[in-house]
Structures are given as structure tokens and as C-alpha cells.
Amino acid sequence: MRTPDSVRCALAAYVLVALAGCGTIKLDAPLVPLAPAAAPAPPLVRAWETDVDGAFGPSPALVAAGHVVVGTRNGEAVVLDVATGRRIGGLDIGGSVEGMLALSPDGATLFVPAARGRHAVVAHGLVDGQRHWRWRADGPAESAEAGLVLAAGVVVMPLHGGLTLGLDAATGAERWRAAGTAGAQNHAAPALIPGGLVAIADDRGTVRALDPATGAVRWTAEVGAPVYAAPAAAGSRLFVSTTRGTLAALDAATGGLLWTARLDASGVARVTTAGADAVRAIVGLTDGRVVALDAATGAVVWTWTATGAVVAAPLVSGATVYVGTMDRLIVGLDVATGAETFRTEVRGRVKSALTVAGGRLIVLSEPRHVTAFDAAPGLAARP
Amino acid sequence: MPDSAGAPRLVRCALALVLACAAALAPTAAGAQAFGRNKIQYAGFDWHVLQTEHFEVYYYPEAEALARIGAAEAETQYAVLSSRFATSLGERVPIVFYATNLHFKETNITPGFIPDGVGGFFEFLKGRVVIPADGNLGRFRRVIRHELTHVFTFNRLARVLRDHRTPGEQGLPLWFTEGLAEYWSGPPDHQHEMILRDAIASNSFVPLHDLDRIAGTFTMYKEGEAFCRFVSTTYGEERLLELIDEVWRDTQFNDVLAYVLGEDVDTVSDRWEAFVRAEYAPRIAGADVPSLTAEPVAGRGFSAKPVVWTRPDGSREVLFYGNRGSYSSVYAQPVDPAMRPVGEPRAVIRGERSADYEAFHLFESRLDVSASGVLAFVTKRGGADVVHLYDLAADRRIAILGFDRLVAIYSPTLSDDAQTVVFSAINSGGIADLYLYSRTAGTLRQLTHDDYDDRDPDLSADGRTVAFSSDRSSWGASGHYNLFALDVASGGIAALTDGPQMDLSPRWSPDGRRLAFASARRDSAGVFGAQDVWIADLMDARPPARAAAGATRPAGGPAEAADAAREMVAAGAPVQPGRGTLRQLTRFTSAAFDPVWADSSHLVVATFEDYRFTVRVLDADSLLAAPESVVGTGVPDVSAAEPWHHPTITSAAGVRGAPYRRRYSLDVAAGGFTTTSTASYTAGGATLAFSDLLGNDRIFVTAYSANTSASGRSLLDGLNVSVTRIHLGRRAHVGYGAFRLAGPRYDRTDPQGTSRIPSFEQQVGVLGVVSYPLSFFRRIDLETTFGVGSREGLRREFGQTEFDTLRTALLSNTVAFVHDNALYGGFGPVEGWRGTAAVGYTTDVAFSNESYVALTADVRRYWRITPSVTLASWGLVRMNVGRRARLNLLGGSWSLRGFPLLRVRGSKLWFTSNELRFPLLPRPPLFPLIAGLRGALFVDAAHNWTDGYSDATLDPDFSDEAFPLRIGTTKGSFGVGLRASILGAFVLRYDVGYRFLDGFQWGERQGFRQLFFGYDF
């Protein structure tokens, strides 16, 4: 049976439109992975602001030398030039990107998780512009909304339905599957912890440290409340924030519970991912408080209260902790005292974790803006 | 929404204005008045604004204290919800407070009519929250929490949909948003428990996949709340927020549920039902079902708030509010000595169809009957409530009591001689207190003077003591009510019960030694049980009495009140407040309300079962002999209770009110689509509506072009634009505007135009309208238009048809009287009547081309033969008399059936239509796509004439050999029809019958079929 011309024309038009709507990333050279660097000291001035045409999930931008990569709820991974904010390229994967992205050690492959769509993970060659592999989700329970991390050549990815998956970073082949707590779901992004392990926390309050190579569980801990925010590792400690107003500190090597701080007696306020260093852990709460705790004991060192809810992970860098708020502020606080040293307004509410790239503070804000801040030359911080 | 009664007044006004512009091209004057009831601005509020950190609070000065309490609650709740939703709102939220439910009904923020029982609403177009207080400040604060939950829910939902670029219609189901708002506004109250106990006991619990079927009902709210509690308990409270955050994933909320909860929706539904049953089954185990344990007095429809009248001859009647699918009325049901109903109840007061009895407060206000046979009840009458005193023996009203300072009145109670009336009332500041009116002295005395909610008073037989329910105990701070006694002479108040319970509706026994009341109490887990009938034995123990907080007579604090109460007791007054005995007489599955003594051995109560209210009788003697439980009053031996107060934001905190200033913002933007009854063209364009925050001022801008490139004229030539402003903030609605109308026109009303070839017409003019409501049911509409224009086209005069240009400068004035008390069903009116009488004069002030008078009389009457069968009758007379008098039109699905739409015409006509409407299938196949199926038998008749009544001439424009339409003949039709309600949103009408072109001569009948949509006339 012959396909009518009109149908073929319609199909061809559809394919053309679909292709025209698909973006890709093809760079001249691989990106160079970077560990987060020191943030600029306040006061800050705006270096640039770019509209990336898509909103953001809770995770921070992925940092590379001279570039940042952000995933958007419009289904794109967008590469920006840190110096100018110029858009270098955008990869359309067709499903909302909610969680953390990852970059291969050689900087040539970008791993992008999707919260919905046929492809839960796409490995994209940044230089050849080709899709190296993709992993297809088998139903909504395998949605990769929490994001992924790359460790020991394995893409470790907690799935919505409670499983955690290990995929070969080179081929996309499934290396292992690790079951979670019965009935639990994964919402928190995975975290790399000392010893080469990956911490996975679920909404039943169970934290597991997995060997990325095999998926074997090295230790398990209970923090007593659902975890939606990514755990944060600092030194030998792993800080786990819950949705019921508590922050737990675990021994990153053994999973032993070091202390639990109840920061909200009502149990209503959610606690953000901690910004932490060896001395203190600093978290925001949805009731607007920012609380600094002694990393060793969990004792509250200081509290500062914002006028809006705080849902984005604070960024601790040197003597300053930067906080983004839901009333569109970026605030700099003295790490030691909690005194406010700086504040500026951004375009929208800040729901995504702050990060640093190229010496600039990178802020993702509503509705779809990436803003970079530089230190203001010659200006002293406000006392 | 039904035709005109349900149609929002504002929309009708707007449509009237737009149509007035269109009709200005050929003003038929008195022919276009719409029906509908009136939302009247009685009070003329002087609006002010308080600005707090997160809210703009709109109030009027009388209610400033209330507004400050509301603002404090809103700020407190903002902090909770901001944390719970993990978000902050970008702008201040406008909250509009009304002191009473009656004031709330006047709001123009929603164009619809607001029934009793609506606690407030959130309007999401402009993000406005609108809430009345109505005396119960505890409930007022809870409603604030409820509506603010909506604000945060919709804010978060809007962000999710925008972030994921998901269409706006992909939202959350009503049962979920309302359930969440209930769940996060406070712990379940006794009404929540009543609904769920009843749902389980009567096996009417609605499963998850069927919740849309009960959309908007009280049950939906409570089941929604139960679902959210189930999710929170079973899966974690975080999943509730996820249901909002993940709504972008699928157009079907069930699929979103499955994703978030990790189980398919059938499993979730089963688990939820099992959860609720496991929770409630033990609580109702062994409880009595009212219908199995209490004899009915009034079991049909809605029946509540009973009282018993004993006639001088000893015969008795139970009076109650009743609604049998129609208007609400006060019914009297004769009963025999054993309280068994005898015969059918009679309607004593027919409500909801006249200005005096505009509306009862069916759930809020009790009835009372004095020993002398005077019935006291409350109705809304204009802008406030009034107490009616009705002599039952003489069957006539003897007094209407209204009070300037009092807006809402509830539960009047009478002395034996009916000379003293005590009632609960809410003043213009929204505060509920008890009042006493002496008919003899003609004086009104305020008995309580504080913020507590004093309700359900009952005056003792000797007129010395008022028993009432109030939140003035220390338990009131957490929303509980106890019973109190007020000494009329001294004003002293003593507590009769004490505890975290809902003690409501006390009634004195005939000997004055007992009080019957309804009470819902918490179990050991803190959950409210059923609302049952209790008896307080007041002679069981001597006090010391406990005075209530806030007692104010004699002047002074609680200590003085306690002294007064002690004096009352020491003086040997019949009331013995203190450590009496409470006996629980019933243990129902759901609830009993408003017990009243028929005699010393019988109690009459309203019960709730299977989602219905019925009136039943209880054998008090046997129940007292074997009570379900016996407890003490719980009143402690302390001299005074600590008064409590609602938190408030004081002006000392720097929050001060400022006069309201109108700021307009976009209200509605829509693609315009217009068609006129006199032109055979339609045109698309844009319509924008702007309004101020209170919705009192509206500006409409409409623009479109009636020309197309094919017409040979430019789009600019055919530009139609109108700007109209209407002010709805006062009783008289005033509107004015300007218009420019142009385009091709097929004018069937033009006696000299040709209908088949369009003329081109343009007109520029101004218009003004005033609509003055006389009552909820009646109004006078005035309309003036002046337009200058010209019409080019073929005209027929003296038998010749030639090209002509007719210039006009038409001034048209119309006055119309409109009445509408029709009751609407899903297919159209079912009872009552509506009518219009109008006169208009149109004259050409410059060229004298037109000058005529237009008269209209239009009456539509609906008789309800049975609850589901209605006979509808419509009579219409229209006359346009004078130079170039416009023709009137008939034909189509609504008027003269069997004749083409608007093609039977004449400068004068009469028309009548009679229709018998009856049910076919209440739940037809394809339900709910076809939400109902009804039938109709109809007979239509009309006579149209232009010259002499019987001067029969062939209509040159609409006749042909097969269908010779003659002017000057009597036309008609009869047949049968089918009415199908599609999705409950609109009605398809299909008629089959015979038509008669010249008298009803059987031999000249012609068959016809007609399909159209629209509600019955």
C-alpha cells in the first residue's frame, strides 16, 4: 500500500521541524573539569546575566574551566562562557533536567539526566557533537530527577522509584542495580564522599554509601526524617538535611551518627543542603533562618533570619557564606558571626544552589536567568 | 450556569452594554432587557487599606478591629505556609474583609451570587482573597488559613506550569486543592468528623476516581481533607507538595498521583478507603442510625431547625425549615399526641420569592414559637436581616423587627407572651452579641458586649434567664463552645458547661429545670465524636457558679460577673449553674441538631444521615432512664475564667489604614466574538476588561472590524470600537460609553430595508445606562443612546426598490421594569415568574427619518406541578408605533418554534408559549457527557401585524412558494421536545412537531424538526 503524498509531506515537514527544534553542543575542545574555587569576597557587582530560556532545578550549575553548564526544565543542557555569559551551545534532550549533571574526567563527555522522557540519561560528546549513548527509563519510576554523579568510571544515578543504578560511563551499559528501602523514593542528588564512595539518601531517611564500581553498600545510616536535599560532604563528615527541620552529621567513613540538630521544633521547615567547611556547617531553612552549626558538635553558632524562605544551599567560601533567598536576594554573611556584609537583588527567586566558576559567584534564579557576580574592585565590605 | 438568573449580573451588564452598542444601529428600544436578580450594594462601604508586610488588607472603618485581627492571622499563617511551601510570595496579597456574610454577598469581586455557608474565596485572576467574619472569629481565622493555603498552592502551581511550559489547564483537581486547604488550615473540626462518620455509616464514601462527581460539595472538602491526611500519614507530608510540583508530568492527575505515591491509583484509592474505614469503623461501632432509632416527623428533602407549637386545643404542629427541591419555606407538620405526623405539612411561610422573605439562614438561625402561638424567624430583607413575628393562629404576620446597627440576626427566642425577643446579632463591625428587644417598650438592649461568639439564645419560660452557646470560656481560644446562662436583670453570665467540646443550641425544658442541647465531644485521642443530644440537669447541685470571661453586666470584670451569677443563684432563680449533671441521650453515627422539647417526655431534633437533614422525635423519658453516659458539667470551682483575645495588629505597630484608591488592572482579555439579532454577520476581535481591585468599577474596550477584503471596503471602514465604563459600587449601577459601529448589515427590523442584500451602515454615538434595583428580585433599567450615522443600500418604499442613503441622528430612551424570582434547574427555570414591562421612544432629532414608540410586556410563569414536572407559560406583547417603527421578530428555538430564527416579524405582535417539562432519564447513557435527559410538550402561538390586525400580506423577504410567511396571520406550532444537558454546562434542544401558518387548521399542518442549544425559556 502506498503512502499518500500528503502524508509523506506531512511526515517530512514534521521531521524538519523536529530537527530544527533540536539543539546540540559541539565545542572546539573538551571542557576542563574544575573543583569549585573560592568565591569572590563581598561586595559583589554583577558581571553578566543571561536568559537561558528555561527554569532550573535545585542543583547548582556544573563548573568547568571558563564555562558553566546548566540544566533547564525546558529540557536543555546549556553551556555558557563564564567570562561573558555568552551561550556556547545547548543540548536538547527532550525531558526536563532537574538534577545534577556530570562531566567526564577528560571533559569530553557530558552526562545529562532527564526527569521525564524516553531517555533518563544521555551521554553527549562535547567535541564530536554526537550522542555517545543513552539509557532508556522503563517507566516513571526510573526517572532520574535527582541527578547523577560520576565516580570510578561509573555514572551513579538514584532513580525516583528507589533503585540506584550504575552505568558504565564509556558505554552506558548497566553495571549494577542497588535496591533501596521498600517504598522509598529518591529525591536527593547523590554526593561524592571521601573514600570514593557515593552517598544516596532517600525519603525514608535512610542514607547509604555505595561503592560506585560495584554498587555494594558500604554502610547505612538512618537520619529519622525524609531527605530531599543533597547530602554535603566536608572533611570526614557527611551532613544530611531533612524535610522535618533536622540536620544530621554522619561519619563519612562509617556512617556513624555524630550528632543531630533539631533546628525547627514544629517539624514544618525544610533544611537546605549544608554549605560546610571543616569548622562549621551552614544551612538555610524554609522559615527564613540561616543557621551555622559547629561541625564537630552540632551546636548552633549563630542564626540569621532572612525576610523570605531559604531553599537554596548556601555557599561557604572563605570568610563569607552566600545565601540566596526566595525574596530574590543574594546575601553575604560573615561566616564567623552571621553578620550581614552584603546584599543585592537578583531577577527572581533563588531556588538553586549557588556555585563558583572562574572566580565568579554563579546564581541561578527565576524565571530562567543565570547571573555572575564579581568582586567589586576597590569597595570595602559593609560592616 | 442557567440563562439569566444564574448569569452574573456584571456579565449581564457588560453584555447589555455591548449589545446596546450593536442595537444602537437599529434600536428596537424596549425589546432587549435582560432578566436576572440583583446584587445590590446596600451599604456603600468607605473602603480603606491596611498594608502589612505581606498583605494589603481592605476593610471599611466599622470593621477595622476585625481587619486587624484578620491581618494578624494572615501574617502568622504566612510564616507557616511560606515555610511549608518553601516559597515566598513576590507581591503583597490583597485580602478583602467583610464584617458579615450579608456584606460579603454584596462583593463585586465575583459577579455571581454568594449563598449562605460560603466562608470565603480566593480569586486567582488577580490573586484576591475575600473573607467575611460573621461573628465567629475562630472560624474567620480558620477561613483565612484555608484561603491563604490556596494562595500558596496556586502560586506554586503557576510556577511549576510556567517552568515546565505546561498548559494552564493542566492543573489540580478541586477536591485536592480544597482538601489541602482544609488539611493545612487546622485540625479536623466536628463537622469534618460528622461528614466522614456519615459517609462510612451510610456507605456513601466516594472513592478516589469518583471524587469529581461530588465536586463543590461539603463532602468533597472533607474527603479531600481526609485524603491529604492519608497521604501525609502513609507516604509522608512531603508528597502533598510533590503532587503540586509534579503536576506538569501528565494531563491526568491520577497519573501524577501514581508517580508521586509510587502506586497505581486504584491501589491508592483502596488503601485510602481502608485507612478511613479503619479509622472510623471503631468509632461508629454500636452507634445508632437515626432513621432506625428515631421516628421521622419530616423526612423528605431538607428539614431542620424544628420547634413545636401546641395549639390552644392541645393539638400540636412541628414547624421547621424545609426545602423539597424548590424554594425554602417554613413548614408546619401536624402531629398526634405520640408525635407521629398526621397528613402532609403545610407551608406557613413561603420564602425566597419576595423581598420580605428574601432568604432564610437555614443552617444558622433557629425558629421559636411562643406559648401564645407567635412564630419568630429571621429572613434577609434588603441589606440586613429582620425578625418576623407571625401569629400562627391568625395566620398573619404581626411585626417585622429590624435594627439600624445590626446587620445579621440569628435565632430569635420569645417570651411566653411574645413581647420580649432575644436574639443573636452581628453588628456592622462583625461582632456577635446577644440583644433583647422589648416590644412593649420599643427598646433594644445589648446583653453582651465583647468579641466572643454568643449564639443560639433561648429565653426561659419566665423570661428571666437566657441560655446560650458561646466561645467565651477559656476553651474558646481553641475554637470550642460551652453553654452559659445570662441573668436578664443583672446581665451576669455563668458557665453551665466547661470543656473542650462543642455545646450548642440549648433549649429549656417546659419546667425550666433542664436544658436540652447538642454536643460534640472529643475522645481520648482528641478526635471529635458524633454530635449528640444531651440534657443538663440544672437542679442537681448548688453552685458555686463559675462566671464566664468577658461578662460585662454589671460593668466590670469577671469578678463582678461572678458576683452577679452568685447573686442570681442565691436569690433562688430557677437556673442553678454549677456542678449539675449532664446526660447523653443519644449515640448517633453522625449528628443531631437543635433539640427542642415537644413536652416533658418528647424531644424533637434534626438529624443528619446519608447526607440529608431530617426532623425526628425522641422519647426523652426512656432515653433519660438509660442515658448513654452521665457526666458532670465540668465547671470547676473557680471564681473567674481568664478572658482571652484574638491576636491583632495594632496601629501602635505602625500599621495604619489609608483610604482606598482605585487602580485599574486587566481583568479579562478575550477574543471578542459578536453577533447581533438583527445582522447576519459575525465578527471577531478583541475585548478587554479592566477593573479596580474591589471590582466596583469596570471599563470595557471592544474592537473589531466587520469588513473583510472581499467586501471591497477597508478594515478601517468597518472598524467597530466601543468603550464603556460601569460603576457597580453603589446601589444604582451607572454606565456610560461611546461607540463607533460600522459594517454590512442585514436588517430584518427595518420596515423599508431589504433583508437579503446588506446595506452598509456606520454610526457614532454615546450611551448611558442606569440600573436601579428595587429589591433582590426587581429593578428599573434606564437606557439612553444617541448615535449619528448613515446607511447606504437598497431600500424599498412605495413598492419601489432603489439605492438610497439614509442619514439619521437617533436619540433613543428606554425605561424598563424587570422582575425575576424564578428558580432555576439544570435545564432552565422550574418555578416562580419573571417579567419585563418596558417603554421606549426613538426619534431622529436631525433628519426626522424615524420617530416611534416601543412597548413591551413579557411575562413568564413557572408552575411546579411535582418536584420534577413544571408547566411553563410565556406571554409576550410588543408594539412599535410611529414613523419607520422597527419591526419585532419571532421564530427559532426559543420563541415561535417551527419558524426560522427571527423571521416572523411585524411592528406589533403577541406571542404565547406553553410547555410541560418532565424528566426522562436523570442518569442517561453516556453519563456524565450527557448529564441529564428531559422531555417537553409544547404549544406556541403568535400573531404579527404591521397595519391592521387581520391585514394579511406576504412577507416579501422571507416567503417562498414552499413557505409563504404572511404578516397578519396567527401562526403556531405544537409538538414534543427532548432536552439533553451536555456535561451539565449547556443544553441541547431537539423539537419535533407541526406548525401552522395561518390559524390552527389541522389540514394545513406542516411537520418540522428543530435542533438548537440553550436553556428553556
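Here is a short chat about the two chains of this model, starting with how to read it.

Me: What kind of model is this, and how is everything numbered?
Reply: Residues count from 1 along each chain as its sequence is written, while chains are lettered from A and ligands numbered from 1 in the order written. Local features need pLDDT of at least 70, side-chain atom pairs count only at pLDDT 80 or more, and totals for chains, interfaces and linings use all residues, since the model is predicted.

Me: How many residues of chain B are in contact with chain A, and how many of chain A with chain B?
Reply: Contact here is about C-beta atoms, placed from the backbone, lying within 7 Å of each other. On that basis, 17 residues of chain B meet chain A, and the count on chain A is 25.

Me: Moving into chain B, how are helices α2 and α4 of chain B set to each other?
Reply: Helices (H or I, at least four residues) and strands (E, at least two) are DSSP runs, numbered from the N terminus. The axes of α2(B), residues 64–84, and α4(B), residues 137–163, come within 9 Å and cross at roughly 40°; axes are lines fitted to C-alpha atoms, for helices over the stretch in contact, with angles from 0 to 180 degrees between N-to-C directions. Under 35 degrees is roughly parallel, over 145 roughly antiparallel, 65 to 115 roughly perpendicular and the rest oblique. So α2(B) and α4(B) are oblique.

Me: Which residues of α2(B) make the contact with α4(B)?
Reply: On the α4(B) side, the contact includes B:Phe140, B:Ile144 and B:Leu148. On the α2(B) side, the residues are B:Ile69, B:Gly70, B:Glu73, B:Ala74, B:Gln77, B:Tyr78 and B:Leu81.

Me: How do α4(B) and α5(B) sit relative to each other?
Reply: The axes of α4(B) and α5(B), residues 174–183, come within 8 Å and cross at roughly 125°. Among the contact residues are B:His146 and B:His150 of α4(B) and B:Leu180 of α5(B). The pair is therefore oblique.

Me: Which helices do the buried residues of α8(B) pack against?
Reply: Buried calls for 20 or more other C-beta atoms within 10 Å of a residue's own, exposed for 12 or fewer, and partly exposed is in between, with C-beta atoms placed from the backbone. Seven of the eight residues of α8(B), residues 238–245, are buried, including B:Leu240 and B:Ile244. They pack against α4, α5, α7 (218–234) and α9 (253–261) of chain B.

Me: Which residue of β9(B) is the bridge partner of B:Arg316?
Reply: Strands pair if DSSP finds at least two bridges between them. Eight bridges join β8(B), residues 316–323, to β9(B), and the two run antiparallel. The partner of B:Arg316 is B:Val335.

Me: What about β10(B): which of its residues pairs with B:Val330?
Reply: Four bridges join β9(B) to β10(B), residues 346–350, again antiparallel. The bridge partner of B:Val330 is B:Ile349.

Me: Is B:Ala822 buried or exposed?
Reply: B:Ala822 lies in the loop between β40 (800–820) and β41 (823–824) of chain B. With 26 C-beta neighbours inside 10 Å, B:Ala822 counts as buried.

Methods
Contact = placed C-beta atoms within 7 Å.
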